[in-house]
Amino acid sequence: MSTLPSLTDLPLDAFEPLAEELGEKRFAGKNLARWVFERRARDFLAMSDLSKRFRAALAERHVVRRTAIAADRSDPGGTRAFVLRLADGKTIETVLIPEEARRTVCVSTQVGCPVACVFCASGLDGLIRNLTAGEIIEQVMIVQDALPEGERVSNVVVMGIGEPTMNLTALTQALATWNDPRGLGIGARRITISTVGWPARIDRLTALHKEFGLAISLHAPRQELRERLIPNGGQVPLADLLAAAKRWFAQTGRRVTFEYVLIDGQNASLREAAELAALLAGFPCHVNLIPVNPVEGLPYRRPAPDVIEQFKLTLLRAGIDATVRHPRGDGIAAACGQLRLRVEAEQGAGELAPPAPLAPPASRPTTRPA
Ligand code: SAH
């Protein structure tokens with residue numbers, strides 16, 4: 001395995017100086033960035049408009065890494081989950097969600113997660129490590145490579161494994177590379193970051209002055225309940241979190257989405273619905289209600305369909321825009337790091353196993369609404 005640094009880890013602004021450093025004109029650096037990100041070339045030899053000397057110098061110092069696909073499984077609904085094996089053997093998950101004309105990629109930002117939401121599969125083993133910027137960026141390129149001719153990744157949601165704002169430097173570089181026309185050229189409005197939410201970290205995103213989408217994982221309208229569901233993050237005072245969300249809206253003009261995972265017997269009663277309506281009253285936002293995806297070994301189940309409906313209606317009657325996210329990718333355990341856990345169990349973590357067809361998911365009881 002090569003230990004040379006990968007050009008996918010390089011910020012866009014570093015390409016022209018790199019060309020100069022190697023005795024080339026600046027525009028050669030611009031062309032190099034296009035080969036790496038837009039054309040997705042892996043081999044310096046293929047970069048035909050770069051001088052032979054430049055290509056040879058690059059090959060001595062750099063590689064163009066592409067994280068390996070360890071498993072690739074499709075759902076009948078079209079959702080496609082990739083388990084990727086990083087250079088150090090660790091695994092992450094990337095999901096393609098095709099919906100009408102959109103091709104949305106859900107990307108991971110960490111191996112594991114430090115936040116430990118009680119209902120989530122990603123934090124079961126805590127944080128293993130941050131992803132590098134290139135490892136985050138490449139996930140979109142890997143999915144683009146897997147799409148049929150003529151289809152393009154249109155949207156990115158940073159909602160995979162990990163807490164993106166705990167890896168802010170790499171996240172910021174990835175956002176820039178996806179968004180910049182010199183990189184992948186995906187519009188800011190088509191890129192959404194999901195976070196448990198710390199005011200100072202949200203403010204850092206606000207300060208980017210970009211119209212990215214922001215989704216805050218709220219899950220509870222009361223402090224003590226939120227702390228119980230989000231052990232390493234729910235302590236942030238709700239008033240401070242709301243204030244940061246309002247600064248975001250004031251700066252970007254984009255409504256914040258509040259994600260609210262609905263869990264039977266925990267946070268889904270009419271009491272919580274009314275409290276949530278009161279908390280968000282008057283703030284232009286959107287509430288995305290997500291019936292919990294049951295995780296093997298965890299006791300959390302979805303509320304009954306009429307409970308979900310009543311929760312939504314309570315918000316709508318209070319003038320709060322609310323929708324229910326319909327479960328997707330259940331059959332492949334696409335949600336939130338579950339496929340990764342299964343693949344690790346089947347293939348073993350650490351060793352690079354060849355991609356193999358996977359056994360169908362083990363059946364387990366679900367309380368999924370019909
Ligand atoms: N750490 C970030 C982003 C990753 S999780 C965050 O928490 O926002 C993306 C979304 O999936 C979050 O709203 C999270 O609460 C939700 N999620 C996690 N586990 C889930 C599960 N088992 N069922 C449904 N949603 C889940």
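These legends go with a set of close-up views of one predicted protein model with a ligand.

Residues are numbered from 1 along each chain as its sequence is written, and side-chain values rest on heavy atoms, with hydrogens and water left out. Since the model is predicted, local features need pLDDT of at least 70 and side-chain atom pairs count only at pLDDT 80 or more, while totals for chains, interfaces and linings use all residues.

**View 1. The whole protein, before zooming in.**
The protein has 11 helices and 12 strands; these are DSSP runs numbered from the N terminus, helices being H or I with at least four residues and strands E with at least two. Of its 370 residues, 54% count as buried, where buried is under 20% relative accessible area, exposed is over 50% and partly exposed is in between (1.4 Å probe, protein chains only). Take the contacts between residues at least 6 apart in sequence: 66% of them join residues at least 24 apart, with contact meaning heavy atoms within 4.5 Å. Accessible areas come from the Shrake-Rupley method with a 1.4 Å probe, and for residues only the protein chains shown count as cover.

**View 2**
Around the ligand sit 19 residues, and Phe119, Ser194, Ser217, His219 and Asn293 come nearest; a residue counts as near if one of its heavy atoms lies within 4 Å. By class, the shell has 10 nonpolar, seven polar and two charged residues. Here Ala, Val, Leu, Ile, Met, Phe, Trp, Tyr, Cys and Pro are nonpolar, Asp, Glu, Lys and Arg are charged, and the others, Gly among them, are polar.

**View 2. Polar atoms facing the ligand.**
A polar side-chain atom of glutamate 163 lies 3.0 Å from a ligand nitrogen. For glutamate 259, a side-chain N or O atom is 3.3 Å from a ligand oxygen. Asparagine 293 uses its backbone instead: an N or O atom there is 2.8 Å from a nitrogen of the ligand. On its own the ligand has 530 Å² of accessible area, and the protein covers 95% of it. Strand E8 (191-195) and strand E10 (256-262) are the elements that give two or more residues to the shell.

**View 3. Leucine 262 in strand E10.**
Leucine 262 is found in E10 and counts as buried because its relative accessible area is 0%. The C-alpha of proline 303, 41 residues away along the chain, is 6.9 Å from that of leucine 262. Leaving aside neighbours within four places in sequence, the contacts of leucine 262 include Leu289, Ile290, Pro291, Val292, Pro303 and Phe311.

H2 (residues 26-38) has 13 residues and reaches 18 Å from first C-alpha to last, close to the 18 Å expected at 1.5 Å a residue; the expected span is 1.5 Å times one less than the number of residues. Its buried residues are Ala28, Gly29, Asn31, Leu32, Ala33, Trp35, Val36 and Phe37. Among the elements covering them are helix H1 (15-21), helix H3 (52-61), helix H4 (133-146) and H5. Following H2 is arginine 40, with a positive phi near 55°, although it is not a glycine. Arginine 40 lies in the loop between H2 and H3, and its 21% relative accessibility is why it counts as partly exposed.

**View 4. Asparagine 179 in helix H5.**
Asparagine 179 belongs to H5 (residues 168-179) and counts as buried because its relative accessibility is 13%.

**View 5. Alanine 220 in a loop.**
Alanine 220 sits between strand E9 (213-217) and helix H7 (223-229), and its 0% relative accessibility makes it buried. Its C-alpha is 7.3 Å from that of glutamate 272, 52 residues apart along the chain.

Technical notes
A polar contact is a pair of N or O atoms within 3.5 Å; within protein, one must be able to donate a hydrogen and the other to accept it, and residues adjacent in sequence count only if both atoms are side-chain atoms.
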